[in-house]
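I opened my notebook to look up how the chains are divided and where parts touch.

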Amino acid sequence: MRPAGSLPEKYRRTLKYSLAGLLILVVTLYLALPIAALFFRTTPELFWSSLSDPIVISALRLSLTTSVISLAVVILVGTPFAYVHARSTYPGKVIVDTLIDLPLVLPPAVAGFALLVLYGRVGLLGRYFNMLGISIAFTTLAVIMAQIFVASPFYLRQAKSLFEQFDQSYEYTARTLGASPLRTFMTVTLPLTAGGLVSGAVMTFGRALGEFGATIMFAGNLPGVTQTMPLAVYVGMESNFNVGLTISILLVIISFVIMITVRFILRKEVLHA
Amino acid sequence: MQQTSKAHTLILVSIVCGLLLVSAFIAGCTSSTSQSTTPAPTAAAETTAAPVTNTSAPAAVETTVAPLTTPAPVMATSTPKPVYTYSEGNVVAFTAASLSGVSPKLAADFAKMYPGHSVVFNLDGTQALRTQVQNGAYADVFISASNSYTTELTKGGYFVDGTVKPLTSNYVIVILPANNPANIKSLNDLAKPGVKIAMEDKSVPAGTATVAVLANLAKSTYSQDWNNSVYNNVVTYETSEPGVASKVQLGEVDAGFVYESTYTAGSSKYQAIRIPKSDNYLQTYTIGLLKGSTSKGAAADFETFMLSTVGQQDLKDYGFRPIST
Amino acid sequence: MLEAEFTKKLRDFTMDLSFQVRDGEILALMGNNGSGKSTTLNIIAGLMEPDAGCIRLNGTTLCESARGTHMAIEDRWIGYVFQNAAVFPHLSVRDNIAYGLRARKLPRPEIVKRVVQMMELMHLGDLATVKAGNLSGGQKQRTALARAIAIRPALLMLDEPFSSLDVESTLAVKELTRKIVKEMQIPCIVVTHRVADSNEIGDWAMVICSGKKEWEGRPRDMPEDCTVCRCH
């Protein structure tokens, strides 16, 4: 017997579904509408013609190159680091753990400033590099270093967590069967954690691609050398609106394509796991 | 009462969801984050603080954006606007960043001349301020470093008729780090190979001024080769004038092009090479009242103050040149 | 023959064991959860180091604390099947079984021969290309056993092999284990907590409690009130 006065079941269900639908709609629209607005602001002709603008081309090439290199460095150095970190205990491990997370909460401009103070021409370390004739600030190398600094936590945290949670009986079994630690890692641990590592890599790449504050502080803004796509958008918004818009759209498309590709690749893995 | 408690819960949930919806809408439409770029009287004097604030505008937004939704700079187009609470006697002045050094003095003298009034400066590149106003940011007064942006806003109908007046002017100067690491003694030395120069991007008024200055110098004194060599030595096109100043101050570049006012405000930090008046580019600043202002009285008082002998003297003390009448 | 004698300080107690397992003999190692059974296997396998003691297999010293010798895990030629079988889910049955052979760099024809042999022995023939992650519990155990045996180990250790198996698979695994151990004449340790299992598979039984030997003897001679209940 229903308590008198409460809503009938039918209306309650409708209300529940409506509220749920409303929430989903609000979140989806909030994320999708700004991106859609980008596309509506231009025309296909304007977009295609802007693509051949030298600023667009050089920014595109620079961004993709630097982001790929940054990602490669993060993966090649970060994967063994995360593994060793996950498998060992050493004094100060907690500090290292915190440091890995630091770039996530540090404002990018502060990160860029710190890099400049350290590696700049008159920086704490930079002055020695300068004496050897190596300049770091205002070069493409600085772009890569800035990207690595701000984007590496995305991969390191993911890798570290994956390795920590990995069922070590697989590794032990492989060892007793005769596999060296390296062989074990390459043939057992890595294939079984690949899915998570790839998603970490995707986030890292996206963050590196969109990096702005640290780049402009540490690397400066020079077309073809340090003017990545985000910088070109910011500058373009004031002086050449179409170029800025085109690059923004390009960034969205690239991000989208990467996400979809990765999800597609991982789908097959998930099905078989 | 027992029977209506379930209905009450449902109604409560709907109200909360509705409020969330509304606030999300408002947040989305006005996109006002309460990140203060520069509270003028305190931080403005530091040229080193300025570049952090200028570039932290897009950057702070960026930290919270997941990289795959929107690239940071798109949100920076409508740069985060400080939210000011305004009262009758308070003036919100959107002001070109090159007035950072003099703004504390101006604020103090304004309050002295008009007891009960006060002014808050929003200091940023004129191009960024223009975009903010165009996107609905609130301001009482607009001080522009560039005639083209002033014209743009006038054409857009943002100014109150008859209130746009020339305010002051500024020349371009070359600054060097205090210890002059590249040993630059003259403008000619700027073309020496290996010299690192910082200048503003052409979207910034100081940038167009510099471009004009370099063209003038090439035509009158040095050659086109000199002009090309100087551009080859440029390592960064900063997005704001304080950005150039800070890179010079840090010693990370050998020379930078800024306004004379910037140099005067921090002369202990730099050496300088003056540019002959005949080749220089006189940047004229204008001041105007905005139609959207709700404290028009106080705003008009502020404009009067800025054009008065007190205001003009303050500007002169900080390296600005009086408007040639 | 396996000779094991060691001590190790653990969190709640100190282990102190000394026992032998002869060739062709299956030792049923029993005791409560946390009594140190798995630790014993881990120490013999080299995954853990004892505080003091000596492990010898067929005369070869695997580990001797006094002299500081500790043979690397991958050199010990021990077949160790973990509790959950730990078959590599991303590899096929065939690749699982071949894993140890490839790791030890056996020649290709030999690998193929042994894999086929193992699959026949364990009745895994038609599952050769199936990804191990898709196998049933019993099939996983048999694959793990095949994988461990393929390398012709000098010692076989199984940790709770029957815990997740049904009656039929349990019988199959028991039979196969006995057959292999008798044919290859290697020592074998089977960790189990069920008395019935130790009766069926063990030639010898040892009960440990808090890391120390509580009782040892023939499985059918095990006293009724012994083992699992008293160890708390």
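Entry one, domains of chain A. I looked up the domain assignment of chain A and found domain 1 (1–40) and domain 2 (54–272). I keep in mind that this is a predicted model.

Entry two, domains of chain B. I turned to chain B, which is divided into domain 1 (40–169 + 284–317) and domain 2 (172–273). Next I looked up the contact between them. Domain 1 of chain B brings 16 residues to it, and domain 2 of chain B brings 17 residues. Which elements supply at least two residues of the domain 1 side? I noted α3 (49–64) and α6 (126–134) of chain B. On that side, α3(B) gives the most, with 4 residues.

Entry three, chain C against chain A. I found 20 residues of chain C in contact with 17 residues of chain A. On the chain C side, β7 (78–81) and α2 (93–103) of chain C are the elements that give two or more residues. Which element gives the most to that side? I wrote down α2(C), with 3 residues. By class, the side of chain C that touches chain A has 12 nonpolar residues, 4 polar ones and 4 charged ones.

Methods
Residues are numbered from 1 along each chain as its sequence is written. Chains are lettered from A and ligands numbered from 1 in the order in which they are written. This is a predicted model: local features need pLDDT of at least 70, side-chain atom pairs count only at pLDDT 80 or more; totals for chains, interfaces and linings use all residues. Domain bounds come from an automatic or database domain assignment. Two residues are in contact if their C-beta atoms, placed from the backbone, lie within 7 Å. Ala, Val, Leu, Ile, Met, Phe, Trp, Tyr, Cys and Pro count as nonpolar, Asp, Glu, Lys and Arg as charged, and the others, Gly among them, as polar.
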